[in-house]
Amino acid sequence: MTVRDVLVRLDVRDLLPRRDDYDLRPRSIGADLLAGLTVGVVALPLALAFGVSSGVGPAAGLVTAVIAGVVAAVFGGSRFQVSGPTGAMAVVLAPVVAAYGLPSVVLVTMLGGLIVLAAGLLRLGRVVTFIPWPVVEGFTLGIAAIIFLQQVPAAIGQDAAVGGNTLVTAAHAIADAAGALDALALDATTLWSLATVALVAALMLVLPRLHAAIPASLVAVVAATVLAEVTSAPVARIGALPDTLPVPALPGVSATGLGDLLGAAVAIAALAAIESLLSARVAASMAPGGSVYHPDRELVGQGLASLASGLFGGMPATGAIARTAVNVRSGARTRLAAVIHALVILAVIYLATGPVSRIPLAALAGVLMVTAFRMIGAGTIRAVLRSTRSDAATFVVTAVITVAFDLVEAVQIGLVVAAFFALRRLARASSVHREPLPGVAHEGDEHIALFRLDGAMFFGASDRILTEVTDASVRENVLVVILRLSQLGMVDATGARALAELVAALEQRGITVLVKGVQPRHRKLMTTVGVLDELRHESHLFLRLDDAVAHARSHVRRADEGPDVS
């Protein structure tokens, strides 16, 4: 039995590559070839830069772009997704490298890939839709700030510190440079590094305005490298790179190593899943005429991509929003474009590692600084801040915690803050209203209270609703309470239990409770937690309001005749 036969038996046929993933007509192949070449040129300096900023090295960035780029394109769930090393993943990986060393990267990459693969097989691709927009934007803003701050030491000619808080590291680097400036003691390395960053940033900002098709980042890096070579500038270079792909190898595994790296692997997997699915969703919305993507298959593809990348000594991969956007705008038709992008970078590994090794690190720092600014959409930030106070607070909290503490903690705390505000809004929308009895008034109606429960009866609102109904019923000497539940949109176990306690408390005070309009979808829960058991008689459950009011009036009329048993 083949692997495919096993997968078919597991009913995961929709997660497998298909013939219609590609359009082999000459016109489509030509469009994919052009788009792939364009994206490959854009991706090359980014792959180098993200490899350096993660602490793993530029070679790992190239390997990841090639191996993960091909695997994710073939097995992923989007026609346009371009995968490889990203800034967010570099930010997460840097402290892992600092704490556990380079040998840990292969193991944590493959563990993260296994987790993402399992998430896809378990059909968890839609979970990302539950992450609120302010959390996503706050996280993106924080990532952009970290990417920028990580480049500050290299931009002023200092050794890049891997690990530690990037804000503190950048502040120390700036303080050292400021001290040297005050003493008029800035060395040539610092001056040349700053000049290199300025040149790269200027070219990346100006060239696209001259012509949108110009690969600005590549041209900027080439120009900075040529200038550094011609002038023999005293700036740090990338250094020697391998001129072939590494031989695939499994990492050494120990129980201690697995335990230490499991938390990091979960964080990497969560980031890979979130970033990849968001990128695929953006690509689908950008495609001419719209497009669709398969979130579960996307997770399977990204999980396999990280597994393959780890085997070849690369780093974790995700869908890259910027490169995917370039792919769509360049006219890509199928997954072939992403495969070609990876082959372009592979050609560089085999044919041009010599020139690439001479690229100044400050040039890559300039590329990433501009990239970080482009990640921040001023219009989006204004929209979030002007939306609601709660969403603005969620956005700010997520961004600040991302920069100051930890990315995974930022998402977790952002979700908690968003959930708190959402529950508060839901609780405020949940209410109880005293309504007049329908029809002509009858003698004794003042002893009947009709309460309509709206919104949600859940743990955030149940206690307040219970108190309001009880207090009003006791205060007004009510003999019968009618609970109108047909308007309840949601009931959880806490809310249902509160209703049972409300009925029991009123009945103990001698107040008869009638329940009207229990929805079929709520009835099982209310039966399970005992709401209906607390009613004095099963006939006190009604479908029509008029029947409930008539029954209540009959109770009031017989109130002086003795105990009621009906």
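Author: Let's start with a term: on a 1 Å grid over the protein atoms alone, a cavity is a set of points where a 1.4 Å probe fits but cannot get out, and lining residues have an atom within 4 Å of a point. Its volume is the space filled by probe spheres set on the points, which are joined across faces, edges and corners. The second largest cavity comes to about 40 Å³. Bear in mind that this is a predicted model, where local features need pLDDT of at least 70 and side-chain atom pairs 80 or more, while totals for chains, interfaces and linings use all residues. Numbering runs from 1 along each chain as its sequence is written, and side-chain values use heavy atoms, leaving out hydrogens and water.

Reader: What lines the second largest cavity?

Author: A59, L62, V63, P242, T244 and I349 do. Helix α3 (residues 58-75) gives the largest share, three residues.

Reader: And what is the volume of the largest cavity?

Author: About 50 Å³. Its lining includes E137, T140, M375 and F395, with α6 giving the largest share, four residues.

Reader: Why is F130 called exposed?

Author: Exposed means over 50% relative accessible area (1.4 Å probe, protein chains only). F130 has 65% relative accessibility, so F130 counts as exposed. F130 sits in the loop between α5 (103-121) and α6 (133-150).

Reader: Which residues make the nonpolar surface patch?

Author: L122, L124, V127 and F130, giving about 430 Å². Patch members need over 30% relative accessible area and no salt bridge, with nonpolar side chains joined within 5 Å and like charges within 9 Å.

Methods
Areas by Shrake-Rupley, 256 points an atom, 1.4 Å probe, with all protein chains shown as cover. Salt bridge = Lys/Arg side-chain N within 4 Å of Asp/Glu carboxyl O. Helix = DSSP H or I, 4+ residues; strand = E, 2+ residues; numbered from the N terminus. Buried < 20%, exposed > 50% of the residue type's maximum accessible area, 1.4 Å probe, protein only. 1 Å grid on protein atoms, 1.4 Å probe; cavity = no way out; pocket = protein on both sides within 12 Å on 5 of 7 lines; lining within 4 Å.
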